[in-house]
Amino acid sequence: MIKMEYYLVVSTILMFVGFYGFVTRRNLLAMLISVELILNSVDINFVVFNRFLFPEQLEGFFFTLFAIGVSAAETAVAIAIIINIYRNIRNIEVKNLREMKW
Amino acid sequence: MEITLELIVFIILAIFICVNAILAATTKRILRAATYLLFVLFGTAGIYFQLNYSFLGAVQLLIYAGGITVLYVFSILLTSSEGDKAPELKGYKFVAGLIATVLSLGVCLWVMLRHDFLPQHFEHGELNVRTIGHALMSVDKYGYVLPFEVISVLLLACIVGGIMIARKR
C-alpha cells in the first residue's frame with residue numbers, strides 16, 4: 001500500500017525544486033516555469049489530502065480544478081506582460097528590467 | 001512491506017516527476033525547460049489517475065499540457081533568439097540558492113515525516129462524473145456554482161487584459 005507520506009514527499013521535492021529555479025533563474029519565462037512547478041506541487045497536495053482524509057467530500061478536488069483554471073489565466077496575462085517587456089527592451093532578463101513604466 | 005504493482009507504478013511516476021522537475025529548473029536552454037515542464041505535468045496527471053481522479057487528470061492534460069505549454073513554447077520562440085543560453089550562474093549565488101533550498105526542504109520533510117497521518121490507504125473507487133457535475137452546479141452547502149461563475153468572469157477579464165497589454169500601440 002502506498003502511504004500518504006510518499007505523495008507528500010514527492011510534492012515537497014517538486015515545490016522546492018521550483019523554489020530553487022525561482023531563486024536562481026534570471027529569465028522571466030524560466031521563472032514563470034518555476035512558478036508553474038510550485039503550483040503543481042500544491043495541486044498534488046490538495047488532491048492527496050482530499051483523497052486520503054475526506055474521500056466523501058470534494059473540496060480539494062474542486063480547489064485543484066479551479067487552481068488549474070486560475071493558473072491558465074495567470075499564465076496568459078504574465079506572458080502578455082513579458083511580450084510587452086520584450087517589445088520595449090528587446091530581451092527578458094531580469095537584470096535589464098529597471099523601470100515599470102516607459 | 002510487500003511490493004505491489006501500484007507501488008511500482010507510483011515509484012516510477014515519482015522518479016519521473018522529480019528528475020524532470022530538477023532538469024526543468026536547471027537546464028541552460030529555456031525551450032528544453034518548457035519541454036521538461038511538460039513531462040512534469042504528464043507525471044502529475046499520472047498521479048491524479050492513480051488516485052482515481054480521472055476527470056482531474058484529463059483536465060490537467062487538456063488545460064496544462066495542451067494549453068499552457070503551447071503558450072509557453074510560442075512565447076519562448078517569440079522572445080529568445082536561436083542558440084540562446086542562460087548565462088553561467090555565479091558561484092556564490094548558486095551556493096546560496098542551493099543552501100536555502102536544501103535547508104527549507106529538510107525542515108519541511110522533517111516536520112511532515114514526524115507527523116503521523118491517520119489513514120494509511122485510500123478506498124479505491126472512481127469518482128462519478130455525475131457527482132462532479134451536480135456539485136459544480138449546486139447552490140447547496142457543498143455546491144460550487146459561485147466559484148464557477150466567478151472563474152468565468154476571471155477568464156473573460158484575463159482575455160481582455162491579455163489583449164490590452166499585448167497589443168501594439
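Here is a tour of one chain, then the contact between two chains, then a few single residues.

Some ground rules: this is a predicted model, where local features need pLDDT of at least 70, side-chain atom pairs count only at pLDDT 80 or more, and totals for chains, interfaces and linings use all residues. Residues are numbered from 1 along each chain as its sequence is written, while chains are lettered from A and ligands numbered from 1 in the order in which they are written.

**Stop 1: chain B**

Select chain B and colour by secondary structure. You'll see six helices and zero strands (DSSP runs numbered from the N terminus, with helices being H or I of at least four residues and strands E of at least two). The C-alpha trace spans about 50 × 50 × 30 Å along its principal axes. Chain B has a radius of gyration of 21 Å, whereas a compact globule of 169 residues would be near 15 Å (taken over C-alpha atoms, with the globule rule being 2.2 Å times the number of residues to the power 0.38). Of its 169 residues, 21% count as buried; buried requires 20 or more other C-beta atoms within 10 Å of a residue's own, exposed 12 or fewer, and partly exposed is in between, with C-beta atoms placed from the backbone.

**Stop 2: where the chains meet**

Now show both chains and pick out the contact: 66 residues from chain B and 60 residues from chain A. Two residues are in contact if their C-beta atoms, placed from the backbone, lie within 7 Å. Which element gives the largest share of the side of chain B that touches chain A? That's H3(B), with 13 residues. By class, this side of chain B has 51 nonpolar, 12 polar and three charged residues (Ala, Val, Leu, Ile, Met, Phe, Trp, Tyr, Cys and Pro are nonpolar, Asp, Glu, Lys and Arg charged, and the others, Gly among them, polar).

**Stop 3: H2(A) against H3(B)**

Show side chains for Leu29(A), Ile33(A) and Val47(A), which meet a set in H3(B) including Leu56(B) and Tyr72(B).

**Stop 4: H3(A) and what follows**

Go to residues 59-89 of chain A. This 31-residue helix, H3(A), reaches 44 Å from first C-alpha to last, close to the 45 Å expected at 1.5 Å a residue (1.5 Å times one less than the number of residues). Among its buried residues are Phe61(A), Phe62(A) and Ile68(A). The cover over the buried residues of H3(A) includes H2 of chain A together with H3 and H6 of chain B.

Step on to Arg90(A), in the segment after H3 of chain A. Its phi is positive, about 65°, although it is not a glycine. Arg90(A) counts as exposed because it has 10 C-beta neighbours inside 10 Å.

**Stop 5: Gln50(B) and Asn52(B)**

Back in chain B, find Gln50(B) in helix H2. Leaving aside neighbours within four places in sequence, Gln50(B) is in contact with Val9(B), Phe10(B) and Leu13(B). Finish at Asn52(B), in the loop between H2 and H3 of chain B, where phi is near 70°.
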